[in-house]
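The structure is shown first.

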Amino acid sequence: MPPPLNVLLVDDEVVRAAMVEEALVAEGHRVICRLTSPASLNEMVARHQPDVVIIDMESPDRDTLDSMALLNRENPRPVVFFADQHDPDTLQAALKAGVSAYVVDGLLPGRVKAIIEVAIARFDAFQSMRHELEKTRNQLTERKRIERAKGLLMKHQDCDEEQAYRMLRKLAMDRSQRIAEVADSVIDILERLSPRSSDPTSSKQGPLP
Amino acid sequence: MSAMDMNKTPELNRLTLGFVPLLDAALLVIARERGFFAAQGIDVSLSRENAWSTLRDKVAAGLLDGAQMLSPMPLAMSLGLERAPCDALAPITLSRNGNAFVLSTSLCEQSGAALGSEPAASARALGNWLGQGRRPRLAMVYPFSCQHYLLREWLALGGIDPDRDVELVVLPPPRMVTALSEGQIDGFCAGEPWGSLAEHYRVGRLVASGAQLWPEHPEKVLGVTHSWAHHYPATLAALIRALVAASEWLAETPENRRQALAWLALPPYLDRSVNHLDSLPLDTAPIHQRLYGPGVLRPDVEAMGRIAEQLNRSLRHVERSLDIPALHECYSPVHFDAAMHQ
């Protein structure tokens with residue numbers, strides 16, 4: 001079995017970092033996790049001498065890492081950007097997943113590629129997880145918007161909740177829109193008519209007195 | 001290119017440009033908020049980037065159509081100095097000057113370094129203090145940047161060897177003030193508003209400016225890849241015209257400058273980092289930030305002279321020398337002139 005590699009992981013997303021760490025440890029690597037903190041990244045790299053650095057592409061620490069090879073020419077373990085490994089497919093996949101990687105010059109390309117592919121897979125998995133969460137959250141607020149529109153209709157049309165809902169549904173059918181979209185335009189129009197009634201907490205209680 | 005070609009409808013109607021939170025992102029923000037992009041038939045989104053290297057990689061990979069770039073960046077990209085070469089261009093300059101040298105308040109008090117009409121005076125004060133065996137850590141924003149080159153020249157004025165007597169580190173501009181206040185760094189060279197913000201919070205003092213060393217140097221440019229410019233010439237012309245219109249609008253009245261600052265203070269742009277300013281501080285001493293004026297936006301190979309010289313010096317370490325045709329290609333005014341003379 002090839003010797004384990006030292007991987008430095010720089011990621012502010014705690015859950016994602018844990019996912020990547022777990023997968024790399026399972027492959028037999030040593031992983032050092034680091035949140036963006038006031039501690040100097042230069043010192044971190046000098047102390048742990050990582051073979052590979054995996055960093056969130058959106059991290060503000062990227063410039064510091066990127067410049068290390070250029071500024072510290074006397075550095076015994078020059079860290080180079082993964083792009084220098086001439087593997088456009090993996091690079092493109094990494095960019096799309098938001099993974100940046102720096103590797104020690106001279107490391108076997110195959111071993112590095114395996115590590116980066118693990119990181120890409122975990123970053124992608126985390127992304128779809130977050131996407132699902134956001135969808136749920138949007139559905140929640142959608143329901144709140146519909147409640148709000150119903151409340152406004154009940155007040156302006158002097159009708160009950162059932163009638164207000166039927167009105168929304170009919171509008172949606174007429175316009176071939178989703179109920180939430182119709183609710184948005186109802187809120188827009190009715191709140192402009194009576195801006196004082198736009199109490200964001202009133203949706204739960206139904207019509208204002 | 002004929003005048004007719006330039007009037008063609010832009011090939012792209014939606015595009016995304018990257019920026020880093022700095023005052024000299026102003027023309028991009030104005031062109032979007034005041035509708036100058038829209039008037040040219042393009043819908044431009046602005047994407048705030050956390051690091052220059054990320055912005056560079058996204059432009060190279062086509063994830064961004066273009067971006068606000070440090071003026072040496074398109075040349076460094078074309079020469080493949082940081083990573084695989086990617087031919088890039090600077091078809092329009094976005095700003096001149098704008099950089100400040102800031103030292104921590106305690107370093108100023110100990111060394112006696114202070115702002116004066118001569119940038120060499122504060123550098124000498126720091127140099128004399130360093131003689132006592134300290135090695136302060138100074139930050140700049142990117143290896144291929146005016147901030148890096150200016151910092152080296154300023155240190156040299158004080159007899160300070162930038163590689164031996166100080167430790168140079170790279171931090172993105174929005175991190176400078178916090179890093180200074182937490183003692184992670186002892187000083188920095190960065191664009192506005194970060195220098196004046198350090199003074200505002202009393203964590204550091206301005207001791208010199210980039211404009212004192214290199215008056216009127218091109219600081220930020222719009223950077224696009226060569227292949228993007230080749231595929232979308234009418235879109236590029238539309239971008240150039242919108243940015244020129246934004247610059248002319250900014251020059252018109254003090255109210256416009258205040259309005260521009262109000263846009264920059266919106267959360268997606270510079271947010272609260274400009275709250276200490278009353279208006280866009282344009283052409284005030286010592287920083288002399290310039291976003292408008294005759295010839296300010298037209299790319300100019302001559303004006304890149306000092307920058308090219310410094311870049312050439314850093315190339316010597318890798319036993320290469322500056323490719324003069326690449327320099328001319330990068331900063332050629334041909335796209336600017338074609339867009340403006342129709």
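## Domains of chain B

In this predicted model, the C-alpha centres of domain 1 of chain B and domain 2 of chain B lie 26 Å apart. Domain 1 covers 3-97 + 219-340 and domain 2 covers 99-213; the bounds come from an automatic or database domain assignment. Contact, meaning heavy atoms within 4.5 Å, involves 32 residues from domain 1 of chain B and 26 residues from domain 2 of chain B.

Residues are numbered from 1 along each chain as its sequence is written, with chains lettered from A and ligands numbered from 1 in the order in which they are written. Because the model is predicted, local features need pLDDT of at least 70 and side-chain atom pairs count only at pLDDT 80 or more, while totals for chains, interfaces and linings use all residues; side-chain values use heavy atoms, with hydrogens and water left out.

## The interface between the domains

Domain 1 and domain 2 of chain B bury about 2400 Å² between them, 66% of it on carbon and sulfur atoms. Buried area here is the accessible area (1.4 Å probe) that two parts lose on being put together, summed over both. One salt bridge is counted between the two domains, the term standing for a side-chain nitrogen of Lys or Arg within 4 Å of a carboxyl oxygen of Asp or Glu. B:R306 pairs with B:E153 in a salt bridge, with the closest N and O atoms 3.2 Å apart.

On the side of domain 1 that touches domain 2, α4 (52-60), α5 (73-79), β10 (218-225) and α15 (305-316) of chain B each supply at least two residues. The largest share, five residues, comes from α15(B). Helices (H or I, at least four residues) and strands (E, at least two) are DSSP runs, numbered from the N terminus.

## The interface between the chains

Between the chains, 33 residues of chain B are in contact with 24 residues of chain A. The area buried is about 2300 Å², of which carbon and sulfur atoms give 51%. In chain B, B:R83, B:V170 and B:R175 lose the most area to chain A, together 21% of what that side buries.

Four salt bridges are counted between chain B and chain A. One of them joins the side chains of B:D57 and A:R62 (2.7 Å, N to O). Elements giving two or more residues to the side of chain B that touches chain A are α4, β6 (137-140) and β7 (167-170) of chain B; α4(B) gives the largest share, six residues.

## Backbone features in chain B

B:E192 and B:P193 are joined by a cis peptide bond, with omega about 10°. B:P193 lies in the loop between β8 (187-191) and α10 (194-200) of chain B.

A cis peptide bond also joins B:A285 and B:P286, with omega about -5°. B:P286 is in the loop between α14 (254-264) and α15 of chain B. B:D283 is found in the loop between α14 and α15 of chain B, and its phi is near 60°, a positive value in a residue other than glycine.

## Confidence in chain A

Chain A averages a pLDDT of 78, and 79% of the residues score at least 70; pLDDT is the predictor's confidence in each residue, from 0 to 100. Over residues 194-209 of chain A the pLDDT is below 50, and this stretch has 17 contacts in the model beyond near neighbours in sequence.
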